[in-house]
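Thanks for making time this morning. I would like to walk through one model with you, beginning with the sheet and then moving to the core and a few individual residues.

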Amino acid sequence: MTYRIAPSILSADFARLGEEVKAVIDAGSDWIHFDVMDNHYVPNLTFGPMICSALKPHAKTAAGVAVPIDVHLMISPVDALAASFAEAGADYISFHPDASGHVHRSIQAIKSKGVKAGLVFNPAEPLDVLDWVIEDIDLILIMSVNPGFGGQSFIDSALRKIEDVRKRIDASGKDIRLEVDGGIKTDNIRRVADAGADTFVAGSAIFGKPDYKGVIDAMRLALKA
């Protein structure tokens, strides 16, 4: 399995965002994760499409290869801002099913912009909607903390949900990323991978440390164990 590490800029130094994005890419990250909060669906307020557009030129390797921008919308309603993030250069846009009045329509609206679409599930949220839309999505994001705040501890029951989703993905036969966000650290990333995840969001575990490459290398070493 190919594993991807996606640092969340929610934990970056906001005064130096362009430099921070470049630094984690140089350190070996695969994606850049945007946690978008609206002070409505979740308590905090973070950043909008203009920040995505401004950072897009920085999201590339030293060799000039584009690094995917992975946008996690913790907002309601979904559709208008999803369209704006698509135009701002997002490569993946994921949203919470309970934040959309018409989940399938929201997925189709994102894909119509040429962007990959994903669904996000909170810790206590059932997976039933996947019975109807798994054929239409490119990514499933499992929250292993409650959305709205960085720096929280991993909720162990998320492992069961990850296992369930992996079975659903395998049964679908589709190439769907299984991403996990919340409390991912070097000492638990292997357990999360063993449950079936292939993409790992890490915020304070990376940006909170002085050596980004050291942390990402340690995560990759744990994934090989």
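Predicted model: local features only at pLDDT ≥ 70, side-chain atom pairs only at ≥ 80, totals over all residues.

**The sheet and what packs on it**

What we have here is an open sheet of eight strands in the order 1-8-7-6-5-4-3-2, with parallel pairing. The edge strands are strand 1 and strand 2 (residues 32-37), each of which pairs on one side only, and neighbouring strands of this sheet are turned by 25° against each other on average, with direction ignored.

Residues are numbered from 1 along each chain as its sequence is written, and side-chain values use heavy atoms, with hydrogens and water left out.

On terms, helices (H or I, at least four residues) and strands (E, at least two) are DSSP runs numbered from the N terminus, and two strands pair if DSSP finds at least two bridges between them. Axes are lines fitted to C-alpha atoms, for helices over the stretch in contact, and angles run from 0 to 180 degrees between N-to-C directions.

Let me begin with strand 1 (residues 4-7), which pairs with strand 8 (residues 199-202) in the parallel sense over four bridges, with Ala6 standing opposite Val201 in strand 8. In a regular strand the side chains alternate between the two faces of the sheet. Both faces of strand 1 are covered, with Arg4 and Ala6 on one side and Ile5 and Pro7 on the other, all of them buried, where buried means under 20% relative accessible area, exposed means over 50%, and partly exposed is in between (1.4 Å probe, protein chains only).

Turning to strand 5 (residues 116-121), five of its six residues are buried, so strand 5 is largely enclosed by the rest of the structure. Strand 5 pairs in the parallel sense with strand 4 over four bridges, Phe95 standing opposite Leu119 in strand 5. With strand 6 (residues 139-143), strand 5 again pairs in the parallel sense over four bridges, and here Val120 stands opposite Leu141 in strand 6.

Two helices belong in this part of the picture. Helix 4 (residues 103-111) lies across strand 4 (92-95) and strand 5, running at about 145° to strand 5. Helix 6 (residues 158-172) packs on the sheet, touching strand 5, strand 6 and strand 7 (177-181), and its direction makes about 165° with that of strand 6.

**The core and the rings**

A nonpolar core is a set of buried Ala, Val, Leu, Ile, Met, Phe, Trp, Tyr and Cys residues joined through side-chain atoms within 4.5 Å. The largest such core has 75 residues, and those with the most contacts inside it are Ile9, Phe34, Leu73, Ile93, Leu119 and Ile140. Helix 9 (residues 212-224) gives the most to this core, with six residues. A second, separate core of nine residues includes Leu139, Leu141, Met143 and Val201.

For aromatic pairs, rings of Phe, Tyr and Trp (its six-membered ring) pair if their centres lie within 6.5 Å, and planes under 30 degrees apart count as stacked, over 60 as edge-to-face and the rest as tilted. By this rule the count comes to five aromatic pairs. Phe207 and Tyr212 form one that is edge-to-face, at 5.4 Å centre to centre with 75° between the planes, and Phe207 and Tyr212 are both buried. Ring pairs also link Phe14, Phe34 and Phe47 into a cluster.

**Individual residues**

Contact means heavy atoms within 4.5 Å, and, leaving aside neighbours within four places in sequence, the residues in contact with His96 include Tyr41, His72, Glu125 and Pro147. The side chain of His96 also makes a polar contact with the side chain of Asn122 (3.3 Å), a polar contact being a pair of N or O atoms within 3.5 Å, where within protein one must be able to donate a hydrogen and the other to accept it, and residues adjacent in sequence count only if both atoms are side-chain atoms.

Finally, the backbone. Most residues other than glycine have a negative phi, and most peptide bonds are trans. Asn39 has a positive phi of about 60° although it is not a glycine, and a cis peptide bond, with omega about 0°, joins Ser76 and Pro77.
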